[in-house]
Amino acid sequence: MKIIAVNKSASFEYYIEEKFEAGIVLEGNEIKSIRKNAVNMNDSFCFIRGNSVSVKNMHIALYDKSDAFSTKDTRRDRRLLLHKHEIAKIAGKINRQGYTLVPLKMYLKDALVKMEIALCKGKHTYDKKQSI
């Protein structure tokens, strides 16, 4: 397992309650950029729309050797692949108990790109002082 990107601010800003492993839907030139570690997960977050989970505001740099027609938005929404019962569990906790869904890290597992996401609760300022 090769770790590609880590969201370092997530453990400082949130209490991590429960973790999930999700696949991610990518295009060909994006996977090549990911293998070159050209990913930035700062300020990214996940949201649920309908029956799918997406990650927003995650930057994957353009692959320098790709053609001009494959140029896309580098911060587009990317769909995450989870089971229906996992999505239902996450949606219930987010709606009722005030949790947030935050991406923690992205890694290569065999030949697949996986993302670790977590249900988190926000910290107060005095909690952040204790962690410093």
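Predicted model: local features only at pLDDT ≥ 70, side-chain atom pairs only at ≥ 80, totals over all residues.
Residues are numbered from 1 along each chain as its sequence is written, and side-chain values use heavy atoms, with hydrogens and water left out.

Strand β2, residues 14-24, is joined to β9 by nine bridges and runs antiparallel to β9, where two strands count as paired if DSSP finds at least two bridges between them. Nine bridges also join β9, residues 112-122, to β8, residues 100-109, again antiparallel, and within that pairing V102 has A118 as its partner. Between β2 and β7, residues 78-81, there are two bridges, also antiparallel, and I24 stands opposite L80 in β7.

Taken as a whole, the open sheet has seven strands in the order β1-β8-β9-β2-β7-β5-β4, with antiparallel pairing. Its edge strands are β1 and β4 (45-49), each of which pairs on one side only.

Finally, let me turn to M1, which lies in the segment before β1 (2-6). M1 counts as exposed because its relative accessibility is 69%, the cut-off for exposed being over 50% with a 1.4 Å probe and protein chains only. Leaving aside residues up to four places away in sequence, M1 touches Y107 and L108, contact meaning heavy atoms within 4.5 Å.

Notes:
Helix = DSSP H or I, 4+ residues; strand = E, 2+ residues; numbered from the N terminus. Buried < 20%, exposed > 50% of the residue type's maximum accessible area, 1.4 Å probe, protein only.
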